[in-house]
Each structure stands twice: as C-alpha cells, then as structure tokens.
Amino acid sequence: MDHRLTPARADIAASFLKGKVTAERYVDPVDRRCIAPSAAIRRDASASAGMDDQVLYGEEFAVLEERDGWCWGFSRADGYVGWVEARALSGETFKADHKITALRTYLFPEPDFKKPPLALLNLNARFLAGEVEGKFVEARGAGWITAHHTAPFSEFAGDFVAVAEAHLGAPYLWGGKESLGLDCSGLVQMALAAAGIDVPRDADQQEAVLKEIWDDVTWSDERDRGDIYFWPGHVGILTDSEHLLHANAFTMDVTLEPFSEAVARIREAENPVRTIVRPPF
C-alpha cells in the first residue's frame with residue numbers, strides 16, 4: 001500500500017486497516033475541520049518538518065492521534081497522511097455545501113467590504129452557506145464572503161486550463177496547493193478539482209488515475225490544449241500546441257513557456273516524458 005495514503009504506523013493505525021496492516025492498536029478516525037486558510041500536512045510533528053500537502057479552509061482532517069499540539073491522521077480531501085497543527089483544526093464539523101471559485105477572496109466579519117478582513121481564503125476552500133445580504137454570503141460560524149467568488153458544490157468551472165492559467169506567476173512551494181504557493185501536482189490537482197475532477201495529490205498518483213479515465217496520447221499525436229504531460233516527478237499542462245504551463249523549481253513559480261524549450265531542459269535532467277493524457281471532453 002502507498003505509505004502516503006495509508007494511515008498506519010507500527011504503534012497505531014486507522015481501524016479500517018485492521019486485518020490489512022499490523023499495529024499495536026487501531027483507532028477510529030475523528031474528523032476535524034480546518035479553520036485556518038490553509039494548514040501544512042507535515043512529515044513529523046514539528047513546524048520545521050517538510051510539508052507534503054495542505055488542508056484548505058473547510059476541508060476535513062481525520063485525526064488518529066493528538067499530542068504536543070499536533071494531530072496525526074489523513075486528509076479527507078485527498079487521503080494524504082501526516083501531521084497538522086491542532087490549532088488549525090476545529091472539532092466542530094458541518095457538511096459544507098459551497099466552495100471558493102476565485103483564486104483567493106477575503107472572509108469578512110460582517111457583510112461590509114470596509115471592515116478589516118479575518119482571513120484570505122483560497123480556491124476550492126469550502127464552507128456552509130447561510131444568509132445572503134447584498135453582495136455577500138454568510139459562511140456559517142465564520143464570517144462573510146463575496147458571493148460571486150463562491151458556488152455550490154454542484155457547479156464546476158468549464159475549463160480547468162483557464163483555472164490553471166489564473167495561477168500564472170504564483171510562487172513555487174513544495175507541497176503547496178494554494179495560489180500563495182504551490183507545486184506542479186498541486187496546480188494540476190486544484191485546477192481539476194475546480195472543474196469537478198478529483199485526482200490524488202502527487203504527480204505519479206495523478207498519472208495512474210488519469211491514464212485510467214482519460215485518453216492516452218502518443219508523442220507523435222498533434223498536441224492540444226488540455227493535454228497533461230507527465231515526467232518522473234513532474235507534471236504540466238498544455239495551454240495550446242506550443243506552450244506548457246507548470247509550477248516548477250527552475251523558475252520557482254507557475255510559468256508559461258515554449259513547450260519545446262521546457263521539454264529539452266527537462267530531458268537534459270534525464271527525465272523524458274513518460275505519459276501524455278488528454279481529457280475526453
């Protein structure tokens with residue numbers, strides 16, 4: 001089993017893994033909801049530990065253990081396992097029904113844009129909608145959000161490439177999946193999520209899933225907008241036949257560059273293209 005998605009250690013494991021993994025004890029997950037704009041999922045219970053993923057505002061994190069201000073468990077959004085600071089999570093759970101559709105938007109204490117905002121929420125953050133007042137919708141128990149920056153879960157972006165393009169210039173951040181910092185697979189995951197397509201967190205996981213549900217494309221085929229290219233450890237999206245959009249550690253941001261130049265540079269690092277997929281729509 002993929003250790004990134006398997007909430008099990010030698011001393012503790014999720015109860016649903018009993019009979020599949022060996023652990024000293026098995027624990028039922030307890031869901032908590034992220035109340036920070038985003039919270040890092042770290043490899044260890046330390047602020048200096050590496051970040052592999054994030055929990056966005058309103059997403060649930062299933063807790064299996066809490067100690068010293070940290071919670072160990074897994075994200076309900078994409079299953080990623082790790083440690084999250086306890087202060088970023090609330091025990092009060094609710095069934096979210098709306099999401100943020102803007103790249104980022106403010107959460108206000110009142111339905112008044114002149115009030116000092118409480119937080120800056122990111123694309124795909126989720127909340128439970130309440131009253132509507134003027135141009136604002138209430139995020140129950142939290143504040144007020146500009147209504148046209150939100151949508152119910154049943155509505156999706158029509159063009160995931162356009163969603164990805166909106167991140168142009170966002171800084172590169174390993175493990176990030178928000179416009180304030182994200183990596184290559186985080187960009188793909190968030191753009192597809194906005195269009196109603198759920199994929200796992202990391203590039204190799206996304207490659208495996210999309211190969212099953214999308215069309216395979218060969219190197220000799222004509223390139224098209226929306227094609228997704230996978231290298232070992234990297235992924236990018238074509239915006240047209242000649243340009244690749246990707247978050248990368250070479251430019252340290254989300255950049256749009258000539259496809260041929262990007263492929264040549266990545267190939268020099270002994271990473272040839274491994275898989276190409278095309279959305280069947």
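1. A definition to start with: rings of Phe, Tyr and Trp (for Trp, the six-membered ring) pair if their centres lie within 6.5 Å. With that in hand, and bearing in mind that this is a predicted model, a search of the whole structure turns up nine aromatic pairs.

2. One of them is worth a look in your viewer: Phe 16 with Phe 74, an edge-to-face pair with 5.9 Å from centre to centre and 90° between the planes. Phe 16 belongs to the loop between strand E1 (13–14) and strand E2 (26–27), while Phe 74 belongs to strand E7 (residues 70–75), so this pair ties together parts that lie 58 residues apart in sequence.

3. Next, please turn to Tyr 229 and Trp 231. Their ring centres are 6.3 Å apart and their planes meet at 35°, so the pair counts as tilted. Both Tyr 229 and Trp 231 are buried.

4. Which residues do ring pairs link into a cluster? Tyr 229 and Trp 231 are joined there by Trp 219 and Phe 259.

5. Arg 9 has its charged end over the ring of Trp 72, 4.3 Å from the ring centre. The charged end of Arg 33 likewise sits over a ring, that of Phe 94, with 4.1 Å to its centre.

Key. Residues numbered from 1 in each chain as written. Predicted model: local features only at pLDDT ≥ 70, side-chain atom pairs only at ≥ 80, totals over all residues. Heavy atoms only, no water. Phe/Tyr/Trp six-rings, centres within 6.5 Å; stacked < 30°, edge-to-face > 60°. Helix = DSSP H or I, 4+ residues; strand = E, 2+ residues; numbered from the N terminus. Buried < 20%, exposed > 50% of the residue type's maximum accessible area, 1.4 Å probe, protein only. Lys NZ or Arg CZ within 6 Å of the ring centre and 35° of its normal.
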